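Hello,

Here is the structure I said I would pass on. My notes on what was found follow below it.

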Amino acid sequence: MYAAEFDYHKASSVAEAIQMLGQYPDAKLLAGGHSLLPMLKMRLANPTALIDIGGISELKGITVNDGTVTIGALTTHQEIAASQDIQNACMVVAEAAEGIGDPQVRNRGTIGGNVVHSDPASDWPTVLTALNARFVIQGPGGITHRATRTVNASDFFKGLFETDLKENEVLTAIEVPRLNSNQLAEYAKMAHPASFYAVVGASVVITVENDRCTAASIAVGGMVPNPIRASSVESALVGQQLNAESVRAAADLVANDLSGSLMGDFYASADYRKAMAAVETRHALMHAIGLAHH
Amino acid sequence: MTSRIFGSGIRRREDPRLITGQATYTDDIKLQHMAYAAIKRSPHAHARIRSVDTSAALSAPGVVAVYTGADTDGVLNPIPCAWVVPDSDVKTVPHPAIAKDVVRYVGDAVAVVVAESRYQAEDAIDLINVDYETLPAVVNPEAAMQDGAPQLHEDAPNNQAFHWVASGGDTDAAFSSAEVVVRETIIQQKLIPNAIEPRSAVATWLSATGELTLWSSSQNPHICRFVTFLVTGVPEHKIRVIAPEVGGGFGSKTPIYADEMIACFCSMRLGRPVKWTETRSENYQATIHGRDHVEYVELAATREGKITGLRTKVYAAMGAYLSTAATGIPTILHGLIYAGTYDIPNVKADIYGVFTTTTPVDLYRGAGRPEATFLLERLVNLLADELGLDPVEVRRRNLIPKFEDGHDVAMGITYDSGDYELTLDMALEHVNYQQLREEQARLRESNQYMGIGVTCYCEICGLGPSQVAHAVGFGAGLWESATIRFHPTGTVNIFVGTSPHGQGEETTFAQILSDELGVAVDDIEVIHGDTDTTPQGWGTYGSRTTAVGGVAVALAARKIRDKGKALAAHLLEAAEADIEYEDGKFFVRGSPDQSKTIQDIALMANLAYDMPEGMEPGLEASAFYDPPNFTYPFGTHVAVVMVDPENGHIELRSYLAVDDCGPQINPVIVAGQVHGGVVQGAGQALWEGAVYDDNGQLLTGSMMDYALPRAHMLPDIETLSTVTPSPHNPLGVKGIGETGTIASTITIYNAVLDALKPLGVTHLDMPLTSEKVWRAIHQRG
Amino acid sequence: MAKIPISMTINGKVHQAEVDPRLLLVHFIREDVGLTGTKIGCDTSQCGACVVMMNGSTVKSCTCLAVQADGADIMTIEGLATDGNLHPIQEAFWDNHGLQCGYCTAGMIMTSVELLQRNPHPTSDQVRAGLEGNLCRCTGYQNIVKSVLAAAEKMGG
C-alpha cells in the first residue's frame, strides 16, 4: 500500500519538534513509525507533514533513580525487554515489552509512539496503568499550561485513540515507580492470533506483607477504549491471604468493573472478552504469587 | 553400486538462487519505459454503476491513462470459465474484465490507472469518482438460492450457477432401510489462499509484430496463453507467457484473472510495458478464495457399524462469477471421492453451485477433496458416537481391503491401488493409540481435555486423463510433455510444460532423468514456465506435476536410451539386440569393457560424423504422457489436541501423517509437501476464515484480521510413509502436494470434538476459535 | 512535496538519492537501488518478507520510510554471503529444505541471523517464537526451524 504525499521535517531536539508542531499545524510526529506508517499506508491518516523525532537522543534511554525508572519516549520495546536495569527494577515491564508484536516490531516500535496512539488493544496502556506510571510531557509553554507537565497513567489514557496530550506537546518520557521487594507484578494477555494485539490484557501489581495482600493495583484492557482499574478486584484482594481460592474469587469480580462500553468484534465478542478478563486477571495474579508458571 | 538417485533426499537445485536473493519473481522485473497500473476496485458488494468520472485522475501528476469498462467493453472478451461441468445447467455468465454496468463483489474492477510510478497510480485511483447505486448483497450460498434473494445475474435465476447430481447404487433405498442414520450440517468456511507473493503481471506489446509478452505469477502459463488469446484476440503463436519464479500458489494462481488481461490491454493501448502488482488488501479481495460450502450430509449404516449409504446436499458458493475451474471443484473433485477409503455401496451427491456477492471461489489446495474428506470422516465419527464404538473400530469395519490394480467404487471411478489398513496400523502403532486413549481417560478425571483425531483418507489427483477431462467438461487437455536435449558435452536440458513454483521439480525431474540415463544431477537443468521455450503442457495444480509431468520426463528419457542403444551398437560394431544399458553405459552383452557412455553417445549424436544409416543427428527426444487414470494417494493422519475449557484455547499437541504416494523420488521434498499441507489444513480447522458482514464487506481484509498459521502456533509434524505403487504409470508415483491439507482439517477438528465429548459438545463451526469452543462448553449460545 | 536527500550504506556500498518522503525503505531498496531479493508480501507489517538488517537489527522495510534510514547501514539478503561463500544460515536452509517457493526466504534468513546473534543456542520453541513475525505458506515452518537449529549448531555459538 502506498501513503499519500506529505512533507518531511527532521527535528533534532524536543524544542525544535515543539516549534515545528506549531509551524505545521497538520503535522504528525514520527518516531519508530509502527503505529503511524500503517495508518498512512492505508490512507486512514493523511497528514500534510511528518516531523521525524527519531534522531532526538534526549528522548532515548533508560535511567533508574531511587524510586523511579525513567524510560525515554523513543526507547524501543526491544531495548526495554533487554534492559538489565528494567529487569532488576520492574521485571513486568521487560516481560510486557518482550510480548509485544514480533521481533521486528520490537526493534523499531517505541514505547512513546505506542502510548500516544492509545490503541485499546496495545499492551502498554494496561501495564502502565496498573503500575501507576507517570507521563512526562513537554509543550511550548504559555498561558494555559506549563512547559513541562507530568500526568498519571489514569489521566493520560483518556479514551479510544485519545490521550491527554494537547496540541504541540511532545511526550518525552515515562516514569515507572520501581517495585519494592514485597511487590509482585504480572501482565497476562490473550493475544489475537493474527495481529498479536491484546484481545484481553490484565496487569496486576500487588503488595504482600506477612502473606497478606496489603495493596493491589489492577488494570484490564483490550475490551475497553482505555484501560480500566479493576477496583472491585483490588479491594477484594486487600487483606486477603493469597491462594488459588482467594485469587479466583477476587478475579471473578472484574466483571463489576467493566460496566459500560465493552468492545467486541467477530473474533471475540464483548461477552467473551468480559469473561476472559476474569481469566486473565486470575492468570496474572497466579503468576505473580508463584502459583502458576509461564 | 552407488545408491540410487531416485529416492534420494538430495538438496534442491533451485535453492541457491532463492537463498541469495538472486531469483526473479514477476514484480522484480523492470523494463525500459515501463508504466505502472493500479486498479480501482468496487467498495460495494453489489451496485449499479451510474457513472465513472476519471477527469481528475487523468490530470493527476504522472498519469498516462485511465481506462474504464467503457474502454474495455467490446475490446476485451469476457474472462472465460474453463470448466463447464456437463448435464448441470451451468450458467456461464459474462465476466467483464472491468465492470461497466454492475459490480458484484467488493474488489470488482471498475477502472485502471496507468502512471509513471506506482505511487502516482495509487494517488490517481483516489481521484476517480464512481457514482454507485448500491444493491443488496448476499453472501451465504444457501440464502442466495431462496426466493427473494438479491439476484446477481439475469441469466441465473435464484443465483443458481449449476446443479450437479451424481450417484451410485440406490442411496434412497439404503437410507429408507437403514438401521442407523447420522446427520450433520457442515459449514466449509471461505478461505483466503494467501500465497506470500502477491499476484503480479508485466505485459509488453510490440505493435510492429503484433507480439504480446506477459510475465505472470501463474501456475499454468500455457493455459494463461490460451485464455489471453480468448480475451485479447491476439493469436496464440504471437503470445508469450512467462511464469518466472512464482512465490506460492496453492491453486490461487491457477485461474486467469481480469487483472493480467487489463495489464495486456493497457500495454496494447499505450505501446509500452505495463506492470500491475496487487497489494495484500487487493489479494484478499480480488484473488480467488477457496471452499465456502453449506452442506447437509448424512450417513446410513447397520447397527454393526457397516456403512450402507452416504448422501449430501451441498450449496457451494461460486462468488460473483465463475472463475477458471470453479464448477469442477464441488463436483468432480468433491462428489466423486465421497466414499474415501470405505466400501460404501450407495453414494449420492446433490450439489448446487451458487452465485454470491463475494470474491470468486476456485481451486485452493485440495479443492473439493478436503471438503469431501471432512464430511465423510465427520460422519464416521458421529456414527461411532451413535453406536458407542471407538471411531477407529468403525473405520476398520468399512475399509476397502488391499488392492493393487484397480478398485471400482460406487461413484463410477476406479481407484488405482490402495492398502488402507497398512497406513492405519502404522499410524496407530506409532502414536500408541491405546495408550493415548488411556491417557485421555486419566486426564479427564482431573478435568483436562485431550482429544484424538484419526482420519483415513484417499483422494483423487494427478489430473488426469484428457478423455476424462473432456467428459467432465474441462476445457483443456490434461496430459504433460517433456523434451530432453543433450548437448555435445553430455549436459542436458529438460523442457517441461508443467510450471512448478516451490514443489521442487527442478530437482525431482533431474533425479528421474539421472536415474533413467545415468547423467549426474548437476549436469541437468530443468526449464519451465516460458511458453516460447517449453513444450505445451497444462501446468502445476491438482498434484499432477510429478505424476503426469514426471512420467513424461521418464518416457522421453527412455526414447533417448533407445536411440543411444542403436547408436552404441553402431559404434561398438555390435547388433543392437546385444547392447545392454546400465548406469549411463551402453555395452555389449558379456563384454562390459566394450562400452560407450551416454556422454560419448551425446557427443557423437551431436557431431554426427559416424551415424548409422538413416539415423537423425542430435540426441533429443520428446514425450507426451496422457495418464490412463488419476492417482489415488491415501493415508492415515492422527492429531492430538488439548482443549482448555476455561478460555477455549486449543493446543495442537502432536500430529502424525502417514501417507502413501507410491515410490518417492525425493523423500525430503515429499515430507516438505506434507508439512506445508498439514499446516494449511490446520489453518482451516483452527484459525482461518473469510468473514463478511451482511453488506458483503470483507471484515477479514488484511493479515491483521485473517489469522494464518505461524511457527509458534505449531508442533513438529511427524511424517511416515508406506509405498503402494500406482499400477498405471511407469514410475508408480502418485501426487503428494495436497494430501496434507485434505486430511488435516478434519483430523484436527475430530480431535477437538473428541476432547469436548465429555462436555457434551458435538458440533462447532470452523475455524475453532477460542470463543466458539468456550461458548460451546459454557452453552452461552 | 520537497524531496529529501538521503544517503545510506547497503551491503557495504553507499547509495545517495533524493527521495519522496513517503517512499518506503523497501521500495528504495527494490526500485531505486535495484536489489530485489527483499520482497513485499503484505501491507501491514505482518508477513516479514521485507525484513532487512538496519544498523545491526532487523526491521520490516515496508514499515520504515527511506528517509528514516538516512545514514543507516543496511544489509539485505544479497549482502549476506561473503566472498561467494554462503552464510551458514543460507547453507542450512539449503541443506534442510528450509524453503519451497522461496518468497519468504530472504526475510526468514535475515530474521534468523538476528535470532542467532541474540541467542546462539536456541531451543526449537525459541526458534519458533523468534520467527513469529515471518509468514511462510509452503513449509509449515518445520524445516525452517530445523534449518535455524542446524545453523546454530554449525556456527557453534
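**Contact between chains C and B**

Where chain C meets chain B, the contact takes in 48 residues of chain C and 54 residues of chain B. Please keep in mind that this is a predicted model. About 4400 Å² is buried between chain C and chain B, and carbon and sulfur atoms give 53% of that area. On the side of chain C, W94(C), R128(C) and R137(C) supply 20% of the area buried against chain B, more than any other three residues.

Nine salt bridges are counted between chain C and chain B. Among the salt bridges in the model is one that joins D28(B) to K39(C), with the closest N and O atoms 2.5 Å apart. Polar contacts were counted too: 33 residue pairs across the interface of chain C and chain B, with both residues at pLDDT 80 or more.

Which elements of chain C give two or more residues to the side that touches chain B? They are α1 (25-32), α2 (88-95), α3 (105-118), α4 (124-130) and α5 (142-155) of chain C. The largest share comes from α2(C), with five residues.

**Domains of chain B**

Chain B is divided into three parts: domain 1 (29-135 + 199-247 + 253-282), domain 2 (290-463 + 629-778) and domain 3 (479-625). The C-alpha centres of domain 2 and domain 3 of chain B are 40 Å apart. In the contact between these two, 19 residues of domain 2 of chain B meet 21 residues of domain 3 of chain B.

The area buried between domain 2 and domain 3 of chain B is about 1400 Å², with carbon and sulfur atoms giving 65%. On the domain 2 side, L463(B), I665(B) and L731(B) lose the most area to domain 3 of chain B, together 38% of what that side buries. How many salt bridges cross the interface of domain 2 and domain 3 of chain B? The rule finds zero. Polar contact is counted for eight residue pairs between domain 2 and domain 3 of chain B, both residues being at pLDDT 80 or more.

**A surface patch on chain B**

L603(B), L607(B) and Y609(B) make a nonpolar surface patch of about 350 Å². Of these residues, L607(B) is found in helix α17 of chain B, which covers residues 598-607.

**Domains of chain A**

For chain A the assignment gives domain 1 (7-52), domain 2 (58-177) and domain 3 (183-288). Between domain 1 and domain 3 of chain A, the C-alpha centres lie 35 Å apart.

Regards

Methods:
Residues are numbered from 1 along each chain as its sequence is written. Chains are lettered from A and ligands numbered from 1 in the order in which they are written. This is a predicted model: local features need pLDDT of at least 70, side-chain atom pairs count only at pLDDT 80 or more; totals for chains, interfaces and linings use all residues. Side-chain values use heavy atoms; hydrogens and water are left out. Patches are made of residues with over 30% relative accessible area and no salt bridge: like charges are joined within 9 Å, nonpolar side chains (Val, Leu, Ile, Met, Phe, Trp, Tyr) within 5 Å. Accessible areas come from the Shrake-Rupley method with a 1.4 Å probe; for residues, only the protein chains shown count as cover. A salt bridge is a side-chain nitrogen of Lys or Arg within 4 Å of a carboxyl oxygen of Asp or Glu. Helices (H or I, at least four residues) and strands (E, at least two) are DSSP runs, numbered from the N terminus. Domain bounds come from an automatic or database domain assignment. Contact means heavy atoms within 4.5 Å. Buried area is the accessible area (1.4 Å probe) that two parts lose on being put together, summed over both. A polar contact is a pair of N or O atoms within 3.5 Å; within protein, one must be able to donate a hydrogen and the other to accept it, and residues adjacent in sequence count only if both atoms are side-chain atoms.
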